[in-house]
Amino acid sequence: MFVSDLPWVGESNGYGPIERDASNGEAGAGDGRPITIGGVVYDKGIGMHATGALSVELAANCTSFSAWVGLDDEVTSGIGTTRFQVYGDGRLLAETAVLTGVDAPFELVADVTDVETLRLVADEATNGKNYDHADWGDAKLSCAAEAPEEPVVVEAWPIDGPKGSTLSADLELDSAGRVALQVRDGAATVISAQRLGLVGSDGDFRSGLSFVDRHDEKVKDRYTMTTGKKGEREYTHAQSVFEFENADGARFKIVVRVAADGVAFRYLLDGEGDHRVDDESGAWVLPSDGAAWMQKSYAVNYEAEWMTTTAAAANGTGSVGFPALFQQDGRYVLLTESDVHGDYSGSHLAHGPGSLSYGIDLFEGAPVTSAGALSTPWRLAIVGGLDEVVESTLVDDLATPNRLEGQDTDWIKPGVSSWSWLTDWGSPRDEARQRDFVDLSARMGWEYVLLDEGWDASWVPRTVRYAHTKGVDVIIWFHSRDLRTQAQRDEWLPKLASWGVSGIKVDFMDSDSQDIHRWYDQIAADTAKNHLMINFHGAALPTGMQRTWPHIMAYEAVRGAENGISPERSLTVPFTRNIVGSMDWTPVTFSRGNGNSSKAHEVAMSIVYESGWQHMSDKPEAYAAEPNAVPFLQNIPADWDDTKLLSGTPGSSVVLARQSGDRWFVGGMRAGSGEPLALPLAELGERKLLVDLLVDDGANGSATVSRTVSASSGEVLTVPTATNGGFAAVVCPAVPARTSCLDPVEPVPAASLDVVPSGADAAAGSTFQMTASFAVADRDVRKVSLEPSVPEGWSVEGAAVTAKQLAAGEVLQGSWTVTVPAAGASGTVELPVIAEYRDGGRRLYSAFGQATIAVTPPPLVGDHYVSDLEWLAQSNGYGPVERDRSNGQAGAGDGRPIEIDDVAYEKGMGMHATGSVTVWLGGSCTVFDAIVGIDDEVLETPGESGIGSVRFQVFGDDVLLTETGVLTNDNAALPLQVDVTGVQRLRIVANEATNGKNFDHADWADARLSCATE
């Protein structure tokens, strides 16, 4: 029989779906050509794109497998490279060498006697996956003429749910020694897990098992979360641990938990030493077809589009990323995983066309290895009504408990943040513009501002001080490659903490491998040690680590606002992705048009979508232009006491309420148009209530209307919406003198702190006077202190200046003598002056000013290469500026010898635009020489080749002395000679030009100065 005619229990593919009897083609199903290898056409077979894999159940009833394998002739523009492999029950049975597009068909044959599960793999080889259209021509099996008898259940062990739960489970062992788990709600089976087990270094535990022992217990816990659906959690689970032995006498355990909101299982491998898992065999099986909601493919960053489909149809690719939601009559089932750490990899569901079975595939089919006893991640099904599924905390309940229990965690603070990148893309490079977003956060009462990609270390500390003056804390973005190693984290994380940064957004992990999950464990521990919160972007799915590490504020792992708005997606993720953990969607964008989401719909997102850091993604000007929305946005919390789904249909509509104190915040959203949304008040308070409403204005929702109504808890308010519209509401008890549930934002004190000098040059060993004047214009303050802060080695004469009270507008002044160290000080040094004070309440405020001092070395004497000098300042578009090397990548010293247009240079500087270096000349030099151009590495580094474009500039004392036209790597090296007579401070700049900064590896070869001889 041909494999292409059989049902597949799981499949995954490097690009598009695996094709039956056709080549891979492109992303769509059925878009391939007849299978052709080396001119030979095959009517039957399988078309994959490496890395691709499929599994077929043989039931130990076949004897041989054969196929003609090779790269399909449809690829004519490049050379593919693939290794073909055949596995039986996790063991490699046969494989080819690396085959390319110029090789003839190769006959691959394997003995599959007694094999239960056959797995065919096309593995990308030496040059990545491009062009790897891998064919299995005439792939067929020789099997017995009659099917074997179907195994029957010989033992079953019931597991009752905790008190009050309608859920229960039965673990079953059949006559073939295979284990299954039946999940029931009352008498109805809602889902099962078939063929539980795994295979690896400890043995094969997928069949031939015999029962050894069972241990039952109630697992109870109470814990507190800083993020998520509710702060205080409590659960009781019924747990049973079953031990089984295989035919070789090896043992493993299956742990089953039954909760009020779902059922989960995991595997345990006891014993010291390494445990390797090659594959898991368990598959979730639904009892009937029905509606389903899932991502259109398995993407390692979980940013694939969402779709509505059926359980049998799935997404057509064979690979389904977690979570996936299935409707089963009046119940819903959400499949996902929990408690994934560095001793394992992430996984995803594997599905064959028309099947109701969803297997478990490890990331890229790669084995995982753990040192010491291994507990695999939980495989869980959240089960219940739609409200029970949405409100479930099972993913967190199953996770490893809080690693920071008993430690100081006052530094962990959820909050709302302004964020400029989405609608003001270049602004993270602009210090002044970032202050506009600080001011926005201060006006709105938001706790944070996020400095995204483009920030510069030269101005972040003073921006942090400015933000703190406004009562705003700072988050900054990092590329994960800059924090991958322990050395990188040990360098950066303490530095960020010393700057006063509160947390980081780390991006572009883009993997579900065991290595990356090990890194998640490491960076979570390291950020906690430095009291830095963290948000993961370009990330794996949350699996409960926010319980384990409560300073994890959010994960992206969603196709959020930066990918544009799809109404169906917006109304699917509340019922899928956001169930399993905080979701950094970045909502409330007014300025990008409202065709797919009205403005009230956008505000509702900030309630419906839970995130420990809620990043509001529009500009200050956009929020100011919608004054009706401002009071609602000023009141949005980021941490919640409780969550209730009031109504909804996945992909269509949602009305969801979250509690904070005595107020309920309600978000209503819809895709398309329809009847008014209902806001039932029965669960949101007792008797008399106030309701503040923000609703659509007009059919297109381009504006909002706000109003406050009085109501009783028995009422159901109806809210008309625009197309793709929505509403936001705040509900609170109607108590005397309360006219609204919306609290006014307490303005930050109008403090000013002026420092003289604000900037100056100072020689090593010199002294200078520094004065500061502090005042608060709008209120009386008390317990005021004013004091400078200097680096180690510097000295200050003069004590802190204090005042018990300071009237509004009254000025407190201080003066100090500062001494620069005679040795060891150089470059630009910021000397903060800090004022601390209290107003009429208990809150402690801070204000900051600073003097920026350039510690100047002696004037240069003689001739010097710039790469040999001290630099007063440097900045770079990517990684550090390199001395005597090209830019390379993010790490220091990772470039190559400088080379422009095939000419190598021993001396010089390697920048990445926009980059700059500042050096002190002291007025003693006359000429600056350099040879400039784009380094050849951008044409020769695999995966990095492209066209750079840079304008080279030279400034003397902030005056432009010369600049080139735009140079690309098509241009030859260009000599520069610049008159620098009398210049004190020289700044050389590589500025990105016409096509962004990609590939802008800018060289200053043989950059040198000619200076006075004495």
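Strands β31 and β32 (residues 357-362) run antiparallel and are joined by 5 bridges; strands here are DSSP runs of at least two residues (E), helices are runs of at least four (H or I), and both are numbered from the N terminus. Two strands count as paired if DSSP finds at least two bridges between them. This is a predicted model, in which local features need pLDDT of at least 70, side-chain atom pairs count only at pLDDT 80 or more, and totals for chains, interfaces and linings use all residues. Residues are numbered from 1 along each chain as its sequence is written, and side-chain values use heavy atoms, with hydrogens and water left out.

Within this pairing, Ala-350 has Gly-359 in β32 as its bridge partner. The hairpin of β31 and β32 has 5 residues between the strands, and Gly-354 takes a positive phi near 80° there. Strand β31 also pairs with strand β28 (residues 319-320), in the antiparallel sense over 2 bridges, and Leu-349 in β31 is the bridge partner of Val-320. Of the 5 residues of β31 (347-351), 5 are buried, so the strand is largely enclosed by the rest of the structure. Buried means under 20% relative accessible area, with a 1.4 Å probe and protein chains only.

A further sheet is open and has 7 strands in the order β41-β40-β39-β38-β37-β36-β42, with parallel pairing. Its edge strands, β41 (552-555) and β42 (613-616), each pair on one side only. Neighbouring strands are turned by 25° against each other on average, direction ignored. Inside this sheet, β38 (residues 473-479) and β39 (residues 503-507) pair in the parallel sense over 5 bridges, and Phe-478 stands opposite Val-506 in β39.

Helix α6 lies across β39 and β40 (533-536), running at about 155° to β40. Angles run from 0 to 180 degrees between N-to-C directions, and axes are lines fitted to C-alpha atoms, for helices over the stretch in contact. Helix α6 (residues 514-529) also packs with helix α5 (residues 486-499] at an angle of about 25°, with their axes 11 Å apart. The two helices are therefore roughly parallel to each other, a term for angles under 35 degrees. Gln-486, Arg-489 and Leu-493 in α5 meet Trp-519, Gln-522, Ile-523, Asp-526 and Thr-527 in α6, where contact means heavy atoms within 4.5 Å.

Helix α9 (residues 599-608) is mostly covered, with 10 of its 10 residues buried. Among them are Lys-599, His-601 and Glu-602.

Key
Buried means under 20% relative accessible area, exposed over 50%, partly exposed in between (1.4 Å probe, protein chains only). Angles under 35 degrees count as roughly parallel, over 145 as roughly antiparallel, 65 to 115 as roughly perpendicular and the rest as oblique.
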